[in-house]
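I opened the notebook to go through this structure piece by piece. The entries below follow the order in which I looked things up.

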Amino acid sequence: MGALHLSNVSKSFGKTEVIKGLDLTVQDGEFCVFVGPSGCGKSTLLRMIAGLEDLSGGDVALDGKIISTLPPAKREIAMVFQTYALYPHLTVRQNMGLALKQAGESKAAIEAAVTRASAMLELGPYLDRRPAELSGGQRQRVAIGRAIVRRPKLFLFDEPLSNLDAALRVATRIEIARLHRDLGATMVYVTHDQVEAMTLADKIVVLRAGVVEQVGSPMELYNNPANTFVAGFIGSPQMNFLKADALGEHGATLGIRPEHLTLSPLHGDIAAKVSHVEKLGGETLVYVRHDHHGLLTVRLFGEHDFAYNADVFVTPDRTRAFRFNAEGKRVR
Amino acid sequence: MRATHPAKRQSIAAHAVLLTYTLIALFPVFVIVINSFKSRRAIFAEPLMPPLPGNFDLVGYATVMKQGDFFQYFLNSMTVTCASLFFVLLFGAMAAFALSEYRFRGNMLMGLYLALGIMIPIRLGTVAILELMVATGLVNTLTSLVLVYTAQGLPLAVFILSEFMKTVSDDLKNAGRIDGLSEYRIFFTLVLPLVRPAMATVAVFTMIPIWNDLWFPLILAPSEEVKTITLGSQVFIGQFVTNWNAVLSALSLAIIPVLVLYLIFSRQLIRGITAGAVK
């Protein structure tokens with residue numbers, strides 16, 4: 001196992017700078033998630049760590065050793081891909097054992113490693129099937145198994161749940177979390193889904209346009225966002241951004257999470273109209289429209305009824321508000 | 001039920017058009033084959049009638065078997081076609097892989113340069129090619145034909161295959177790299193099987209002109225022991241007398257190997273297509 005250090009890592013394609021001089025440390029055994037909108041450079045960064053993409057500058061070190069000059073197979077890493085990327089002509093057993101076979105391990109050692117990994121993922125009954133005979137969820141478990149077999153110092157996950165349906169996504173997410181606990185390995189995980197980031201990560205790295213916006217534990221980012229981008233990206237439904245001047249507050253923008261807005265038909269700070277209501281059973285999301293503040297989301301617990309276009313009053317809980325300046329930076 | 005009628009009528013119309021086209025395309029072949037089984041008199045008297053007990057005659061086939069070394073011609077044609085096909089597919093696929101997989105300076109220009117051959121007929125260079133073959137002492141060898149046909153087939157192969165190679169999942173190739181497979185293993189074991197339908201298409205397009213070619217065998221390899229089947233059949237076409245029985249029989253026989261090769265490749269084509277659909 002090992003800690004991962006990125007120092008001043010950069011990447012350009014022609015004249016386009018995708019990663020702009022990035023420093024990051026992932027501790028030994030830590031689960032680190034890169035999250036950000038598409039095109040923010042998170043996948044490119046992962047591929048640079050894997051050695052599938054050359055660095056334009058900087059160094060990648062794993063366990064104190066510079067690996068940026070090594071070919072992917074020599075970096076002691078394993079990677080799980082979004083599209084599973086199983087070898088179609090090999091059985092599950094051969095898929096999982098291929099890396100060790102290439103490394104020249106003995107047959108017995110390969111068999112033992114495959115058996116161990118397949119037991120962890122309950123893949124035993126499928127070992128002699130080919131990938132085409134497996135379902136999507138099974139294929140992704142095989143891909144994860146293939147990574148485990150190598151006993152790498154670092155696991156890399158490239159949006160591994162994106163191709164699975166909603167129920168399988170939750171099940172596989174829990175499985176990955178369990179594996180991280182059991183193996184205690186360092187893992188780097190790329191996703192654009194903030195729910196995956198929040199539920200899996202020890203440390204989240206929020207990226208935008210090749211720059212790190214904020215690094216921290218999920219709750220740090222949730223409770224203490226450094227700017228409007230992180231505040232808007234972490235948390236679902238998205239945070240509301242109110243104009244501070246209209247509420248007599250300092251700063252430019254007031255960020256309030258949907259659960260910290262209260263709704264009343266009679267009185268309150270902001271008079272608005274109901275635009276849409278989403279009932280989820282346990283909670284109700286009310287979208288209200290206001291000429292100055294725009295569309296706001298209010299999260300109420302339990303079931304509530306509101307008529308379309310009804311007049312309501314929204315009141316923010318100012319003690320839970322985040323204040324941002326005109327550049328979007330947090331003001332404390 | 002009413003809604004299904006126009007669809008049915010359309011499908012009948014479509015099939016009628018396709019059937020007509022098939023008949024037109026196959027008719028010359030049909031005429032060649034039936035007449036190869038008839039006596040000389042019957043060929044000219046009733047060219048469109050199938051062989052009947054009265055005029056059934058195998059004299060054409062007998063002549064072909066007796067005269068000239070037809071088995072050798074077959075073998076020569078097969079050797080040239082298979083060898084050229086092998087090299088076109090191998091080098092074409094390798095070039096296509098390099099063009100589609102690696103980012104390097106001049107990648108686009110290189111691709112265009114390799115595809116340029118599609119637009120320039122290789123026969124324009126016949127004189128130069130002949131001089132080259134004479135200089136290298138390759139005249140009257142099958143090697144000269146294989147070299148020329150490989151050059152002739154490569155542009156189209158590179159063009160079609162590089163488009164297909166781009167559709168092969170990057171993740172799969174990257175998984176191979178992380179597992180320590182060499183670029184050659186990735187190419188041969190991961191990428192090639194996935195572009196098999198395209199390879200079959202290229203094989204069919206490449207094979208038929210090579211098998212049918214008369215030009216280069218006549219110029220580069222006209223001697224008896226290296227004649228191809230198309231050239232060999234020409235002995236029966238004289239300036240004054242043409243032995244039609246023999247010509248038709250030779251042509252009928254020449255269809256068989258190319259038909260077999262085509263069937264093999266078209267099976268690959270279909271298998272490739274359904275494999276993709278089921279996954």
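This is a predicted model: local features need pLDDT of at least 70, side-chain atom pairs count only at pLDDT 80 or more; totals for chains, interfaces and linings use all residues.

**Entry 1**

**Entry 1: domains of chain A**

I looked up how chain A is divided. I found domain 1 at 4–231 and domain 2 at 237–331. Taken over C-alpha atoms, the centres of domain 1 and domain 2 of chain A are separated by 37 Å. I then checked the contact between them. Domain 1 of chain A puts in 6 residues, and domain 2 of chain A puts in 9 residues. I sorted the domain 1 side of chain A by class.

**Entry 2: first sheet of chain A**

I turned to the strands. I found an open sheet of 4 strands in chain A, in the order S2-S1-S4-S5, with antiparallel pairing. Strand S4 (residues 57–62) of chain A runs antiparallel to S5(A), and 2 bridges join them. Opposite A:Leu62 I found A:Lys65 in S5(A).

**Entry 4**

I went on to another sheet in chain A. It is an open sheet of 4 strands, ordered S11-S12-S18-S19, with antiparallel pairing. Strand S11 (240–243) and strand S19 (330–331) of chain A are at the edges; each has a single partner strand, so one side of each lacks a neighbour in the sheet. How many bridges pair S11(A) with S12 of chain A? I have 4 bridges, in the antiparallel sense, between S11(A) and strand S12 (residues 253–256) of chain A. One residue pair I wrote down is A:Lys243 with its bridge partner A:Thr253 in S12(A).

**Entry 3: a helix pair in chain A**

I checked helix H2 (residues 92–102) and helix H4 (residues 136–149) of chain A. Their axes come within 8 Å and cross at roughly 30°. Angles under 35 degrees count as roughly parallel, so H2(A) is roughly parallel to H4(A). The crossing of H2(A) past H4(A) is right-handed. I listed the contact residues. H2(A) uses A:Val92, A:Asn95, A:Met96, A:Gly97, A:Ala99 and A:Leu100, while H4(A) uses A:Val142, A:Gly145, A:Arg146 and A:Val149. By class, I get 6 nonpolar, 3 polar and 1 charged residues for this contact of H2(A) with H4(A).

**Entry 4: domains of chain B**

I moved to chain B. Its domain assignment gives domain 1 (1–57) and domain 2 (59–278). The C-alpha centres of these two domains of chain B lie 30 Å apart. Domain 1 and domain 2 of chain B contribute 9 residues each to their contact. On the domain 1 side, helix H1 (4–36) and helix H2 (40–45) of chain B each supply at least two residues. H1(B) gives the most to that side, with 5 residues. The domain 1 side of chain B divides into 4 nonpolar, 3 polar and 2 charged residues.

**Entry 5: chain B against chain A**

I finished at the contact between the chains. I found 14 residues of chain B in contact with 18 residues of chain A. Helix H8 (170–178) and helix H9 (183–194) of chain B each supply at least two residues of the chain B side. Which helix of chain B gives the most to the side that touches chain A? H8(B) does, with 6 residues. By class, I have 6 nonpolar, 4 polar and 4 charged residues on the side of chain B that touches chain A.

Definitions and conventions. Residues are numbered from 1 along each chain as its sequence is written. Chains are lettered from A and ligands numbered from 1 in the order in which they are written. Two strands pair if DSSP finds at least two bridges between them. Two residues are in contact if their C-beta atoms, placed from the backbone, lie within 7 Å. Ala, Val, Leu, Ile, Met, Phe, Trp, Tyr, Cys and Pro count as nonpolar, Asp, Glu, Lys and Arg as charged, and the others, Gly among them, as polar. Axes are lines fitted to C-alpha atoms, for helices over the stretch in contact, and angles run from 0 to 180 degrees between N-to-C directions. Angles under 35 degrees count as roughly parallel, over 145 as roughly antiparallel, 65 to 115 as roughly perpendicular and the rest as oblique. A crossing is left-handed if the near helix is turned anticlockwise from the far one by less than a right angle, and right-handed if clockwise. Domain bounds come from an automatic or database domain assignment.
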